[in-house]
Amino acid sequence: MKNLTWLDISNNKIEGSIPGELTDLSRLDYLNLSWNKLSGPVPFSNEQLSSMSRVRLSPNKGLCGNFITLPSCDATKPATLFVEIFLPLAIVPSVIVFACLLVVKRKYKKPKVKARATNSIDVFSIWNYDGRIFYEDLIEATEDFHIKYCIGTGGYGSVYKAQLPNGKVFALKKLHTSETEELAFIKSFRNEAQVLSQVLHRSIVKLYGFCLHKKCMFLIYEYMERGSLFCILHNDDEAVELDWAKRVNIVKAMAHALAYLHHDCSPSIIHRDISSNNILLNSKLEAFVADFGTARRLHADSSNRTLLAGTYGYIAPELAYTMVMTEKCDVYSFGVVTLEVLMGKHPRDLLSSLSSSSDPKIMLIDVLDQRLPPPVDQKVIQDILLASTISFACLQSNPKSRPTMQYVSQGFLITRKTPLVKHAAIQDISISELRN
């Protein structure tokens with residue numbers, strides 16, 4: 001059991017609590033305990049849950065803990081505790097307090113409360129930190145969002161680096177002052193806060209909290225030292241750091257994250273803007289899916305029609321004429337980014353050549369990023385062939401012909417004993433072979 005990496009005992013009507021011994025499984029990477037009758041606190045720490053690639057604990061009505069889909073254990077304590085212990089102790093003081101209030105009421109007029117409709121935008125929430133102190137620390141660390149701390153500008157806000165006195169570093173995405181008046185920007189900002197506060201996956205950027213106030217709106221993220229995948233691929237020196245093994249791992253991380261969003265969240269979450277700009281890399285060049293401003297939940301009882309969203313060059317072609325959102329839109333975008341990772345640039349020229357010729361004589365080795373030496377390790381070569389094959393399958397014009405992200409994710413987890421193609425050398429493999 002010490003070497004166990006995958007545990008799926010869902011849909012078994014298991015009762016009782018989760019055994020604490022499971023926390024000793026240091027190699028556990030996938031945990032699915034959903035659709036049982038488990039109860040009590042979850043024994044895993046936040047660090048252990050975050051280290052796993054995929055975790056499913058709901059629905060289990062009796063479970064509680066810090067996991068994002070579960071209620072707090074404090075909220076599940078029986079009400080009888082209050083009735084039996086605290087209520088009797090509170091009766092006498094309550095009478096005294098009530099008498100005091102009568103005296104105070106005669107002496108002071110009741111102040112007028114300014115009428116204000118409750119607005120869900122006026123929210124400040126930080127997980128695992130003291131809200132007020134942390135807020136002040138962030139403002140001080142960025143000198144009230146001074147331009148010198150700005151490390152990037154996105155579609156609807158700027159990103160700032162905030163280093164606290166204790167050495168911890170965060171990334172703050174702040175909505176521009178002029179944009180706080182635009183309902184579309186506010187909606188995207190609130191949507192990103194809502195979605196990211198409800199998901200937990202190792203390859204999805206971590207949201208630590210948010211401030212959604214009409215005068216100051218920002219999100220607090222885990223800091224990604226290396227920035228976006230797009231920027232690294234367009235810098236020759238940094239692109240060389242992304243060797244073939246690291247590039248394959250980036251593709252795998254994207255696949256696992258999207259599989260989690262599509263198949264482990266209920267209802268499914270569609271990202272709608274998968275692009276190299278929205279894949280961030282940490283100091284180890286590990287990939288994380290980010291920017292959930294346009295993400296949507298896929299409801300089975302809805303038409304799921306939507307306005308066109310995404311980045312030009314990554315949008316699935318069917319969205320232009322159907323405007324119907326499905327998970328296959330993300331699959332198409334994943335295929336584009338996968339080819340971009342392998343080629344070192346956007347694959348628009350390659351895709352154009354493939355669509356204009358029935359059997360173009362293009363070799364795989366000629367489209368791989370020429371800034372890197374050709375791969376020689378057989379395992380890496382097989383991973384490149386698999387990623388290439390999957391990318392072309394994801395780029396099928398017919399959405400129904402594309403694989404699901406769950407299928408793609410599982411494909412990367414399988415240890416292959418036979419080669420994907422008959423050739424021993426990668427130099428002999430053509431694009432048409434991989435497409436077929």
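Residues are numbered from 1 along each chain as its sequence is written, and side-chain values use heavy atoms, with hydrogens and water left out. Because the model is predicted, local features need a pLDDT of at least 70 and side-chain atom pairs count only at pLDDT 80 or more, whereas totals for chains, interfaces and linings use all residues.

The pLDDT is the predictor's confidence in each residue, from 0 to 100. The chain averages 80, and 76% of the residues score at least 70. Helices (H or I, at least four residues) and strands (E, at least two) are DSSP runs, numbered from the N terminus. Confidence is lowest in helix α2 (residues 80-107), with a mean of 45, and highest in strand β16 (residues 287-289), at 97. Over residues 76-92 the pLDDT is below 50, and this stretch has five contacts (heavy atoms within 4.5 Å) beyond near neighbours in sequence. Residues 102-122 also have a pLDDT below 50, with 11 such contacts in the model.

An open sheet holds three strands in the order β2-β4-β6, with parallel pairing; two strands pair if DSSP finds at least two bridges between them. Strands β2 (15-16) and β6 (62-64) stand at the edges with a single partner strand each, so one side of each lacks a neighbour in the sheet. Between β4 (residues 37-41) and β6 there are three bridges in the parallel sense, and G62 in β6 is the bridge partner of S39.

A nonpolar core is a set of buried Ala, Val, Leu, Ile, Met, Phe, Trp, Tyr and Cys residues joined through side-chain atoms within 4.5 Å. Buried means under 20% relative accessible area, exposed over 50%, and partly exposed in between (1.4 Å probe, protein chains only). The largest core has 84 residues, of which L229, F334 and F412 touch the most other members. Helix α7 (residues 244-264) supplies its largest share, 12 residues. Leaving out residues up to four places away in sequence, F334 touches several residues, including V251, M254, L258, I390 and F412. A second, separate core of 15 residues includes L25, L28, L49 and M52.

S276 lies in the loop between β14 (268-270) and β15 (279-281). Its relative accessibility is 1%, and S276 therefore counts as buried. The side chain of S276 makes polar contacts with the side chains of Y314, at 3.1 Å, and E340, at 2.9 Å. A polar contact is a pair of N or O atoms within 3.5 Å; within protein, one must be able to donate a hydrogen and the other to accept it, and residues adjacent in sequence count only if both atoms are side-chain atoms. Beyond its neighbours within four places in sequence, S276 is also in contact with residues that include L229 and V337.
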